[in-house]
Amino acid sequence: MQHEFYDMLMESQYWLPETMVAYQRSQLAQLLRHARANVPFYERRLDPVFTPSGDIDWDRWEEIPIVRRSDMVEHRDAMQARLLPRGHGPVGIIETSGSTGLPIRITISTIATYSAAALRWRGHRWQNLDWSKTTLSRLGDGDHALAWPEGENKGPWGLPGDSAAANGTLWSISRLFDTPDVMRFYKQFGASYLNAGPNMAHINALDVQRLGIDVRIEAILAQGNVIRQADRDICREVFGARMVEIYSAKEGGPIANPCPLDRLHVNSEGCLVEILDADGRPCAVGETGRVIVTPFYQTAQPLIRYEQGDWATVGAPCSCGRHHQVIDAIRGRSIAIFHHPDGRSVANLMPDETSSLLASRYWQLAQVGANAYELRYVPTDTESPGNEAAVRALFHQTFFADADLTFVRSAAIPLTSGGKLVEYLSEWRRPDR
Ligand SMILES: [Zn+2]
């Protein structure tokens, strides 16, 4: 089953756009009919797209209401399928803490797990990863310590039946280990790849540099957070590692993988991804909007137009020969909409040079008043502040020219419970809200 899907993916990666659209619609039609018939939450929600004769009017797709993370908590029971399509079960439940609070549980069908695996293997092929090598994963399956202290051998991680993959091993270690222990395991297991969040990989690199540990890493499979250029640079410099950006989520599954040209392509065979502006319209190339995902095989708890919580920038077509939708950059969940008293709203990002100007790896921009902001940062060298004047000018260009900006230097910025840094947030509640 997984194999079949993988074989299809190796062909469908070169499909023409119209072939892909036809395939997506046939998958979506099955999902919509299943959800409408078997999932109470969707009984009426999908009405806009169903014609009186029961056909689907794709032109009205955007009228289907967006599913939010809070729905997963408030309507969890109503979102469960009473029946599964043949061959889709059994189901399992996974939990995610999320970076913005609201822990959720989601029911996953076996077929969703299979399709996710097949898409992951294709992603490995795109990046020319060698399945016979060893991968060390320190992501863990939850926030708890797992397999302490010796690590857990999870066996081969490549395509089942592939002769090279039979020699490969995935080792999983607790995410609570500090850098010297991670590197000790990495060498002890003879690993070539490291599975880690980009922030953690960045911290590991700085530790390795400071402690003078000699270790080479071929590739870092980075997921779970936004990858900044600074993360890529330090890992290249210290480990000689390239960073492979994998965009996936527990709810939405594997959403996008980088092609051989290192551009992120949506896994269009497994999900529909929409990137929408503030008015709910699709963003054009270069624009940044909210990611809305509809995974096709999530039949146990369907997510039809689910707001992932991430922001992403739409990319121009890629020249690698694959027509799958391109995402230029994942902006993560940490982007915020800042409001000006005159009614304007801006969701934007500070230019890349902000970190180097501030001489800071960690900073956070918060709206704290009607037209007042705080930029909190942790200077690398506590004795010398960053170039705040230059950053202030960038801030005024990026957001509002007349806004007040205060710099706050501190020893640390609190991370979320999931260990993530929120770079943009609004702490200002408008009086009219
Ligand atoms: Zn490409």
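Where is Glu423 found?

1. Glu423 sits in the loop between β20 (404–409) and β21 (424–426). Strands here are DSSP runs of E, at least two residues long, and are numbered from the N terminus. Glu423 counts as buried because its relative accessibility is 13%; buried means under 20% relative accessible area, with a 1.4 Å probe and protein chains only. From Glu423 to Thr313 the C-alpha to C-alpha distance is 17 Å, and the two are 110 residues apart in sequence.

2. A word on the model. This is a predicted model, where local features need pLDDT of at least 70, side-chain atom pairs count only at pLDDT 80 or more, and totals for chains, interfaces and linings use all residues. Residues are numbered from 1 along each chain as its sequence is written, and side-chain values use heavy atoms, with hydrogens and water left out.

3. Next, the metal. Cys259 (SG), His265 (NE2), Cys318 (SG) and Cys320 (SG) coordinate the zinc ion at 2.1 to 2.3 Å. Donors are N, O and S atoms within 2.8 Å of the metal (3.2 Å for Na, K and Ca); water is not among the atoms, so sites may look incomplete. The site is tetrahedral, with angles of 105 to 114° among its 4 donor atoms. For four donors, that term requires all angles between 85 and 135 degrees.

4. Along the chain, the zinc donors follow the spacing C-x5-H-x52-C-x1-C. Cys259 lies in the loop between β10 (253–258) and β11 (264–266), and Cys318 in the loop between β14 (306–314) and β15 (326–332), so the pair ties together parts 59 residues apart in sequence. Both Cys259 and Cys318 are buried.

Technical notes. Four donors count as tetrahedral if all angles lie between 85 and 135 degrees; four count as square planar and six as octahedral if opposite donors are over 155 degrees apart and all others between 65 and 115; anything else is irregular. Helices (H or I, at least four residues) and strands (E, at least two) are DSSP runs, numbered from the N terminus. Buried means under 20% relative accessible area, exposed over 50%, partly exposed in between (1.4 Å probe, protein chains only).
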